[in-house]
Amino acid sequence: MAAAFGIEKAGRLAGTVAVPGDKSLSHRSIMLAGLADTPVEVHNFLAAEDCLSTVSCMRAMGVSVEIEPNGTVLVKGKGLYGLSEPDDVLDAGNSGTTIRLLSGLLAGQSFFSVLTGDDSLRRRPMARIITPLSQMGARLMGREKSRYAPIAIEGTGSLQGIEYRMPVASAQVKSALMFAALYAGSPTTISEPYLSRDHTERMFAQFGIQIRRQDLSVTVNPVNSLNAPQIVEVPGDFSSAAFLLVAATIIPDSELTLTNVGVNPTRTGLLDVLRQMGANIELMNQRFSGEEPVADLRVRSAKLQGVSIGREQIPRLIDEIPILAVAALFATGETLIQGAEELRVKETDRLLAMATELNRMGGVIEERPDGLLIQGNGRLNPAECRTYGDHRVAMSLAVAGMAHAGATLDDANCVNISFPGFFEVMKGCCK
Ligand code: S3P
């Protein structure tokens, strides 16, 4: 049993923080480097549980991955056609990115593999990748009529390119198909209803893979080999920075500088929404790290007003809605989040989890089928809360507790999924 973890009310936050490396980019860097013919050094890799699941899966297929204590990872890949059949089930742990992107990659191999994960991952929808990958000629089967993991993949070594219109904007689905497309006999075009994070597109370009983007469609041409860079720089994770941005905004008299944060526009919806609510966040020293834009962010406390968020905004802040709900509690007026039903199929049902736990703390939140309606009042009680083993729920509740009355979390270890050292970083900022 996980020990209960106490969160104390914070006075003010100040200082400079380098948030850990980006989770999405860390996964992709290991997968692509594993398919390269030449060694790749990954700098600022996120050595958190989710990305370590990707590392162990790639190692099980013969890729050498050495993780140095300073966060640099040395990957010696096997080439596009050099992976070997894993002799056991591949365990993606809690990581949706691992299981979905690897399903695409494995669909293109000519060997058998099985992917599974923890209780949470085995409850998450997999038909969204199994259906289009099967249309490409792959043979995949999952539990309950191919709706859930474990997923068995019988690589046939022959895929065909397809034109696929994704019903839901999802970077994991898009990326799974992009990995499979590398192995197809003809180009694959994927279109999505709204643009989801485009890290795979950018990193494919960095590895010499030709892609063509047209509005909401991306076309991938099959390749014979990758042209890998020697070094991949992973910027800090905007989704981890989000907890500090909101904490420093709602805790009075705070000022934080977050260095080297990825500010890819497909990820920074929270920045726009917080600014619209009245937040004081400056982007400084804007530059590129490889194909990805980065900046230092300076955030100062500010008074927030409620806001209304629609479906078209959701993909750019998909992982930030739990912490946005906390910001909304501390705003004046009402905040309405709509079109966010995808949150129900994340690590936990995040709409249910945030509504239940913030109400338990004394917030006034109505759970809607596709979102949340939040009344801002900024007055909370020191409640005992459940994290549902979900890293982003845990960190959001921790920020809510720090901002007002403290809290107790039933399981705080789950923060290690994406932000090891979260509590130490937060404590270090408390003045
Ligand atoms: C991710 C895509 C998003 C996001 C997840 C990481 C990725 O999931 O929620 O944390 O790395 O591609 P969906 O594609 O399912 O929306």
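I take buried to mean under 20% relative accessible area, exposed over 50%, and partly exposed in between (1.4 Å probe, protein chains only). I work on a predicted model, in which local features need pLDDT of at least 70, side-chain atom pairs count only at pLDDT 80 or more, and totals for chains, interfaces and linings use all residues. Residues are numbered from 1 along each chain as its sequence is written, and side-chain values use heavy atoms, with hydrogens and water left out.

**Entry 1: the whole chain**

I looked up the secondary structure and found 13 helices and 24 strands in the protein chain. Helices (H or I, at least four residues) and strands (E, at least two) are DSSP runs, numbered from the N terminus.

I then checked the overall dimensions. The C-alpha trace spans about 60 × 45 × 45 Å along its principal axes.

Of the 431 residues, 60% are buried. I also looked at contacts, meaning heavy atoms within 4.5 Å. Among contacts with a separation of 6 or more, 74% join residues 24 or more positions apart.

I went through helix 10, residues 321-329, and nine of the nine residues are buried, so the helix is largely enclosed by the rest of the structure. The buried residues run from Ile321, Pro322 and Ile323 through Leu324, Ala325 and Val326 to Ala327, Ala328 and Leu329.

Next I picked Leu358, which sits in helix 11 (residues 350-360). With a relative accessible area of 0%, Leu358 is buried. Leaving out residues up to four places away in sequence, I find Leu358 touching Ala325, Val326, Leu329, Gly363, Ile365, Leu397 and Ala400. For Leu358 and Leu329 I noted a C-alpha to C-alpha distance of 8.7 Å and a separation of 29 residues in sequence.

**Entry 2: charges**

I counted 40 positive and 47 negative side chains in the protein chain, with the centres of the two sets 3 Å apart. Lys and Arg count as positive and Asp and Glu as negative, while His and the chain ends are not counted. Each charge is placed at NZ of Lys, CZ of Arg, CG of Asp or CD of Glu.

Side chains of opposite charge can pair when their charged atoms come close. I searched the whole structure and got 28 salt bridges. A salt bridge is a side-chain nitrogen of Lys or Arg within 4 Å of a carboxyl oxygen of Asp or Glu.

I looked at three of these pairs.

- Glu201 and Lys174 meet in a salt bridge at 2.8 Å, N to O. Glu201 lies in helix 7 (residues 199-206) and Lys174 in helix 6 (residues 171-181), so the pair ties together parts 27 residues apart in sequence. Both Glu201 and Lys174 are buried.
- Arg368 pairs with Glu366, their closest N and O atoms being 2.8 Å apart. Arg368 is partly exposed at 28% relative accessible area, and Glu366 is partly exposed at 39%.
- Arg147 and Glu144 form a salt bridge at 3.7 Å, N to O. Arg147 is partly exposed at 42%, and Glu144 is partly exposed at 44%.

Last, I noted a network of salt bridges that links Arg124, Arg197, Asp319, Glu347, Arg350, Asp390 and Arg392.
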